Amino acid sequence: MPKIHQFSVHPEIPGRLRGLDELALNLRWTWDRRAYKVFQHLDPEMLEKCGGNPVLMLRRISRERLQQAAGESSFLTHLDEALDDLRRYLDEPGWFRVSYPDRKNLAIAYFCMEYGLTACLPIYSGGLGVLAGDHLKAASGLDLPLVAVGLLYNRGYFTQRLDEEGWQYEEYRTHDFSTLPLRPVMAGEVWRARGGGPETAEPVAPGGTLGVAGTPLKVSVDMAGRTVWARVWKVQVGRVSLYLLDSALPENDPVSQRITSELYGGGSEERIAQELLLGIGGIRVLRALGAQPQVYHLNEGHTVFTTLERTREVMEAHGLSFYEARQVTGAGTLFTTHTPVPAGFDLFPEPLITTYLGEYLKELGLKTEQFMRMGRVHRDASDEEFNVAVLALRQSPRRNAVSRLHRRATARMMRPGWVDFPAGEMPIESVTNGVHTKTWLAPEMEQLFDHYLGPRWREDASSREAWQRVERIPDLELWHAHTRLRERLVAYAREQAGSRIRERHGAGAWGAPAHPPLRPDTLTIGFARRFATYKRATLIFRDVCRLKALLLDEARPVQLILAGKAHPRDGAGKDLIRQMHDIVKREGLTDHVVFLPDYDLSKTAMLVQGVDVWLNTPRRPYEACGTSGMKVVPNGGLNLSVLDGWWAEAYRPGVGWAIGDGQEFVHAEYQDEVDAESLYSILEREVVPLFYKRDADGLPRGWVAMMKDSIRVLAPAFSGDRMLKQYTERFYLPIADRYERLAADHFAKAKELSEWKTRVHDAWCDVKVVWVKDGAVPEMTVGEELEVEAKVRLGRLDPSDVVVQAYYSSLRPDGTLRNGRSIPLVWTGCENDEHLYRGTVPSRSSGLHGYAVRVLPCRDDVLVPNELPLIAWEEGE
């Protein structure tokens with residue numbers, strides 16, 4: 001075959017329409033309908049053919065239509081208004097600048113392996129990416145000075161196909177970046193917060209950066225004996241800039257070119273290469289852009305290598321040791337885990353670490369075995385592989401889970417690293433996820449909210465006051481709006497089913513129905529998520545007879561619309577899809593159950609806007625959070641879910657339904673049996689009767705009342721605005737302050753604390769509680785205080801290095817302490833190397849209580865036990 005030289009041809013945009021590029025390249029159009037309608041006005045059919053991608057449309061639209069539009073006064077007015085609105089949005093101060101006018105120098109870097117921003121930018125696979133996309137959009141709306149970094153995959157995640165038997169197979173498509181809503185970054189550009197256009201400056205040239213001003217910016221990372229180069233691309237998300245690295249460059253060897261080929265593709269070598277490029281290369285991108293954030297927010301362990309590169313920078317620039325530099329870089333780090341089970345973390349064997357990181361570790365002054373210990377659950381277990389999440393926990397003193405229940409599950413996983421600490425004191429916090437309301441809200445609901453709620457819901461989706469006004473919406477209007485959404489979903493599902501039938505020449509995914517499946521007036525239940533076994537997609541199919549009775553009831557029918565992908569290497573997940581296919585086809589349910597292949601963001605929006613009930617059936621407690629049910633809420637859908645993830649804290653009677661009562665059983669089969677029985681009972685006795693109970697006007701008043709309660713209570717509580725405000729006030733601002741303190745005066749505080757921690761760690765073996773005077777009396781009344789005295793040996797440490805506490809609580813039946821409270825004891829003197837401490841323990845409630853005396857390290861600006869997991873208790877006999 002001859003060598004083919006490619007070139008791209010697209011129409012020239014008339015000067016009067018140049019603003020179209022500005023609109024198309026800012027993803028604010030994914031939630032701002034005024035901007036998107038400009039492209040619909042220009043050529044609605046072409047926009048639909050282009051999958052809703054304005055950039056691709058501008059490459060394919062005819063020159064004649066562009067010239068015609070340039071002379072249309074109505075179109076030009078529409079375009080000018082949208083541009084003015086975008087520019088005003090970028091310039092006007094938002095919540096952060098108004099609330100914190102003195103924090104002008106704050107900058108936050110956000111790292112993630114995937115971002116779900118729009119279906120036409122396929123660099124996401126599922127929940128983590130969609131959450132990251134909503135995080136950026138909410139940050140833009142709140143005007144946070146945040147910059148994001150990720151990878152640009154030229155084949156992205158796979159396209160899902162199903163064969164005749166329902167088995168999933170994967171197809172990968174190579175993307176043309178010139179047709180995506182992004183642009184190449186040029187050397188010399190400078191990052192500006194709040195969405196400004198590119199500025200140029202004298203190029204910053206950190207190690208591994210290439211580019212003369214005006215040429216494409218490239219960074220390099222050395223790994224496995226080779227240099228990997230990556231080009232940098234920029235996606236503008238409202239006020240927030242997202243920078244993506246792409247290794248498909250001719251100067252790289254074929255293996256290096258494939259690093260950014262597929263999201264989560266390949267094996268361990270491909271994964272570690274991706275994570276090194278993201279972590280080390282991502283930091284170098286920020287430096288080349290002149291960005292020096294104080295706060296680094298790491299999503300999942302994939303991003304942990306950012307901490308190594310930042311530590312190396314400080315060591316090189318300021319002559320600090322590894323542990324001194326880590327003290328200050330750790331102070332500026334937040335690690336968010338989204339995984340509820342240990343099996344979800346990437347593991348790398350020692351030979352792979354040596355191959356890919358051996359030379360880099362020498363720059364950090366670390367030996368491979370030292371580094372391996374940092375990434376093992378049990379440091380001395382030489383047979384353990386390197387766990388990126390464990391390294392992230394140890395590199396990030398501040399860390400959080402993504403729901404309250406997930407915090408408990410994560411705390412259990414952390415126990416080996418914080419031995420002897422009570423479960424309630426595991427150093428992990430939680431911020432429950434939220435969704436970007438405007439992205440997921442249907443236009444019909446948006447119009448209702450604008451009319452009856454006023455502008456406040458748009459300005460701050462977390463405002464409870466604004467959402468209280470949902471009661472003002474007339475029942476008839478709310479019901480008719482939601483009915484239109486259901487009708488649209490049914491029409492879409494029918495079109496998808498028909499398309500598959502045409503593709504297969506008469507053989508549909510569930511068979512070939514003689515007439516269109518689904519009905520627009522039927523109770524519609526949606527289920528869409530990754531097909532992992534713990535999500536139990538087939539739970540509703542467990543008792544086929546009861547399911548058929550629900551689906552085929554002529555007076556009160558039910559229908560299911562399903563979607564989701566299994567990971568390419570998850571055979572069990574693929575089998576769940578096949579099982580569903582087999583049941584539906586065998587039982588003749590193709591009119592009532594439709595599966596939408598190739599689940600993506602556009603299908604997500606259609607589903608969450610149109611379903612009456614969103615079904616979620618994970619095996620508790622394996623759902624870290626889950627956000628798809630949150631997207632249903634403002635659209636009037638109701639949740640029917642196991643009490644796991646976000647629903648464990650969101651559920652209350654009147655806003656939806658709970659499957660089970662939160663019990664967790666040891667045997668999975670029994671758990672499934674109990675939950676399935678609960679699911680069928682709720683559907684039969686509560687959900688279906690309420691939906692079909694109509695008044696004289698044909699309205700389901702009880703159902704509409706529950707819709708309103710769900711929106712009023714849950715929409716503000718689980719919005720992305722609420723989530724970002726919590727991250728800002730609980731993490732970003734305190735982390736930035738602590739980083740600044742430790743970095744001040746040439747890192748004096750960081751050096752001091754690093755030395756202190758080493759000294760305390762080395763001396764801790766000599767710390768003991770040697771005696772406690774038991775001042776308990778047989779009977780005490782509520783409100784009395786119990787005197788406590790203790791003698792403690794501190795060895796080489798001083799009383800100023802520690803805090804001695806009485807830890808007290810009620811007792812369990814086995815005589816152990818529940819998660820209780822601590823109260824400090826006061827140092828009163830020292831005799832024969834034994835320090836005497838005194839204090840009192842309150843008795844606030846009746847019953848059997850107890851206390852124990854313990855010693856912990858204590859020092860200003862050291863987070864204990866987050867970064868120093870040392871504790872000494874009075875030992876039992």
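Author: The axes of helix 2 (residues 33-42) and helix 6 (residues 73-91) come within 9 Å and cross at roughly 155 degrees. The model is predicted: local features need pLDDT of at least 70 and side-chain atom pairs pLDDT 80 or more, while totals for chains, interfaces and linings use all residues. Numbering starts from 1 along each chain as its sequence is written, and side-chain values use heavy atoms, without hydrogens or water. Helices (H or I, at least four residues) and strands (E, at least two) are DSSP runs numbered from the N terminus; axes are lines fitted to C-alpha atoms, for helices over the stretch in contact, with angles from 0 to 180 degrees between N-to-C directions.

The crossing angle makes helix 2 roughly antiparallel to helix 6 (over 145 degrees). The crossing is left-handed (near helix turned anticlockwise from the far one by less than a right angle). Helix 2 contributes Arg34, Ala35, Lys37, Val38, His41 and Leu42 to the contact (heavy atoms within 4.5 Å). Facing them on helix 6 are Ser74, Phe75, His78, Leu79, Glu81, Ala82, Asp85 and Arg88. By class, six residues of this contact are nonpolar, three polar and five charged (Ala, Val, Leu, Ile, Met, Phe, Trp, Tyr, Cys and Pro are nonpolar, Asp, Glu, Lys and Arg charged, the others, including Gly, polar).

Helix 16 (residues 404-414) has Leu405, His406, Arg407, Ala409, Thr410, Ala411 and Met414 buried (under 20% relative accessible area with a 1.4 Å probe, protein chains only; exposed is over 50%, partly exposed in between). Those buried residues pack against helix 15 (388-395), strand 16 (398-401), strand 17 (429-430) and helix 26 (647-650).

In strand 18 (residues 523-528), six of six residues are buried. One side holds Leu523, Ile525 and Phe527, the other Thr524, Gly526 and Ala528, and both are covered. Side chains alternate between the two faces of the sheet in a regular strand. Strand 18 pairs in the parallel sense with strand 19 (residues 558-563) over six bridges (pairing needs at least two DSSP bridges), and Ala528 has Ala563 of strand 19 as its bridge partner.

An open sheet of four antiparallel strands runs in the order 24-25-29-28. Its edges are strand 24 (768-774) and strand 28 (826-831), each pairing on one side only, and the twist averages 25 degrees from one strand to the next. Strand 24 meets strand 25 (residues 785-793) over six antiparallel bridges, where Lys773 is partnered by Glu789 of strand 25.

Technical notes:
Parallel < 35°, antiparallel > 145°, perpendicular 65-115°, else oblique.
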